[in-house]
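These are my notebook entries on one structure. I record what I looked up, in the order in which I looked.

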Amino acid sequence: MTAITQASLARLPVTLADVEAAAMALTGFVKRTNFDHSRTLSDITGANIWLKFENLQFTATFKERGALNRLSALTADQRKQGVIAASAGNHAQGVAYHAARLSIPATIFVPVGTPTVKIENTRRHGATVIEGGATLEEAAGLAGEYGESRGLTYIHPYDDPLIIAGQGTIALEMLASTPDLDVLIVPIGGGGLISGMAVAAKALKPGIEVIGVQAALYPSMYNVIKSHTLPMRGDTLAEGIAVKAPGSITSEIVRALVDDIVLVTERDLEHALSLLLTIEKSVTEGAGAAGLAAVLEDPDRFKGRTLGLVLSGGNIDTRLLSGVLTRQLAREGRLSRLHFDIVDRPGQLAAVVSVLSHAGANVVEISHQRIFTHLPAKAVVLEVVIETRDRAHLTSTIEALEAGGIRVEVLS
């Protein structure tokens with residue numbers, strides 16, 4: 001990235017003055033969320049980690065900042081006619097909530113498969129929700145056609161200067177609270193959040209580093225900026241940033257101001273989400289955990305530096321959250337599935353359970369299968385799900401079983 005000057009910042013589509021104006025428009029209507037130091041995460045990673053809790057906004061997402069800034073700029077006629085938007089969920093809630101507060105009719109298109117919690121929350125805010133399109137891009141196309149035929153103003157989720165400026169107010173708050181930040185680590189979908197934050201941060205503190213994070217399954221901005229053609233496919237935990245085509249305005253700003261973009265795996269995202277819940281007692285969605293995932297993936301890069309991470313949203317389906325936490329327990333050796341081939345005679349199951357009990361393992365579930373197996377007729381397949389303290393405890397439990405003459409296999 002080239003050196004940043006005030007003159008080059010002034011030539012961008014969004015300026016510090018725009019972000020400061022947005023901050024005025026948002027005052028009293030959008031929460032100034034906490035920006036807190038995490039002592040435990042700092043100890044784990046070796047970095048000095050500060051967390052911006054945008055998941056604690058009223059709609060549990062930063063998106064209401066940009067939405068309100070854009071809605072506040074509508075003319076009286078535009079407000080009366082109504083607005084339309086397309087969103088995977090968070091932008092929808094931001095638009096719906098503030099549109100209702102401003103008495104503006106709102107219609108939202110969401111892709112088929114959008115988490116139920118986001119759809120229901122959007123409807124609860126008073127918007128009309130229409131499911132259509134397999135992707136966000138398809139939903140946006142349908143929304144554009146629908147809105148044009150009815151004279152509705154389209155509220156873009158990220159590629160709009162007013163949206164970008166609204167999101168940039170987060171950086172103003174972070175730097176006002178902790179001026180000695182070295183790095184901002186920001187999730188990237190379409191690029192609205194990182195664009196606004198980079199404009200504000202680089203204007204206030206030119207030497208600060210701004211790093212974007214994308215899910216490895218959807219490296220759209222990464223491809224644009226680094227001239228790569230990595231594929232985009234599959235279902236990511238971070239569906240809020242699963243955008244196939246970043247904006248033209250946001251791409252221009254990211255190219256000018258963002259120092260690097262990194263990719264994180266689904267495993268990194270799950271680990272980060274789990275840590276935020278268990279350590280910070282804070283529920284985030286996959287996209288909200290992306291910043292911490294980047295630090296966990298490459299701790300040496302950030303060691304000893306003061307980092308500002310944005311927990312961008314907390315709207316996650318409870319069943320998905322449960323699955324993520326359970327998978328993490330399995331990775332840590334705290335929840336395991338054991339497979340036994342035992343003789344079908346009285347006392348064999350009791351022998352296994354007795355060893356597990358003496359080893360201090362908690363039996364969660366037992367499956368005893370005689371019929372659907374390739375074993376001899378006098379054998380039984382036994383599968384036991386156990387809970388242990390950690391991987392060392394699991395290892396000692398397995399050793400106790402084998403010492404008792406019980407053959408066991410740990411299933412992945």
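How many cavities of 30 Å³ or more does a search of the whole structure find? I found one.

**Entry 1: basis of the notes**

I note that this is a predicted model, in which local features need pLDDT of at least 70 and side-chain atom pairs count only at pLDDT 80 or more, while totals for chains, interfaces and linings use all residues. I number residues from 1 along each chain as its sequence is written, and side-chain values use heavy atoms, with hydrogens and water left out.

**Entry 2: the chain**

I counted 18 helices and 14 strands in the chain. Both are DSSP runs numbered from the N terminus, helices being H or I of at least four residues and strands E of at least two. The C-alpha trace spans about 80 × 50 × 40 Å along its principal axes. Of the 412 residues, 52% are buried; buried means under 20% relative accessible area, exposed over 50% and partly exposed in between, with a 1.4 Å probe and protein chains only. I also looked up contacts, defined as heavy atoms within 4.5 Å. Among contacts with a separation of 6 or more, 73% come from residues 24 or more positions apart.

**Entry 3: the cavity**

I returned to the cavity. On a 1 Å grid over the protein atoms alone, a cavity is a set of points where a 1.4 Å probe fits but cannot get out; a pocket is an open set with protein on both sides within 12 Å along at least five of seven lines; lining residues have an atom within 4 Å of a point. Grid points are joined across faces, edges and corners, and a volume is the space filled by probe spheres set on the points.

The largest cavity has a volume of about 270 Å³. It is lined by 25 residues, of which F62, K63, G189, G240 and I241 are the closest to its centre. Helices α6 (90-101) and α10 (192-204) each supply at least two residues of this lining. I recorded the lining as twelve nonpolar, ten polar and three charged residues. Here Ala, Val, Leu, Ile, Met, Phe, Trp, Tyr, Cys and Pro count as nonpolar, Asp, Glu, Lys and Arg as charged, and the others, Gly among them, as polar.

Which residues are the closest to the centre of the largest pocket? The pocket has a volume of about 570 Å³. Of its 24 lining residues, I found G113, T114, P115, D235 and E239 closest to the centre. Helices α8 (136-150) and α16 (318-331) each give at least two residues to the lining, which divides into eleven nonpolar, seven polar and six charged.

I traced an open sheet of four strands in the order β5-β4-β3-β6, with parallel pairing; two strands pair if DSSP finds at least two bridges between them. Strand β3 (residues 83-86) is joined to β4 by four bridges, and A85 has I108 in β4 as its bridge partner. Helix α8 packs on this sheet, touching β3, β4, β5 and β6, at about 165° to the direction of β3. Angles run from 0 to 180 degrees between N-to-C directions, with axes as lines fitted to C-alpha atoms, for helices over the stretch in contact.

Is T107 buried or exposed? T107, in strand β4 (residues 106-110), is buried because its relative accessible area is 11%. Leaving out residues up to four places away in sequence, I listed its contacts as V83, I84, A85, T128, I130, Y146 and L152.

**Entry 4: the antiparallel sheet**

Another open sheet has four strands in the order β12-β13-β11-β14, with antiparallel pairing. The edge strands are β12 (362-369) and β14 (409-411), each pairing on one side only. The twist averages 30° from one strand to the next. Seven bridges join β12 to β13 (residues 379-387), and I366 has V384 in β13 as its bridge partner. Helix α17 (residues 348-359) lies across β11 (335-343), β12 and β13, at about 145° to β11. Helix α18 (residues 391-403) touches β11, β13 and β14, and its direction makes about 5° with that of β11.

**Entry 5: S312**

I found S312 in the loop between β10 (306-310) and α16. S312 is buried, as its relative accessible area is 4%.
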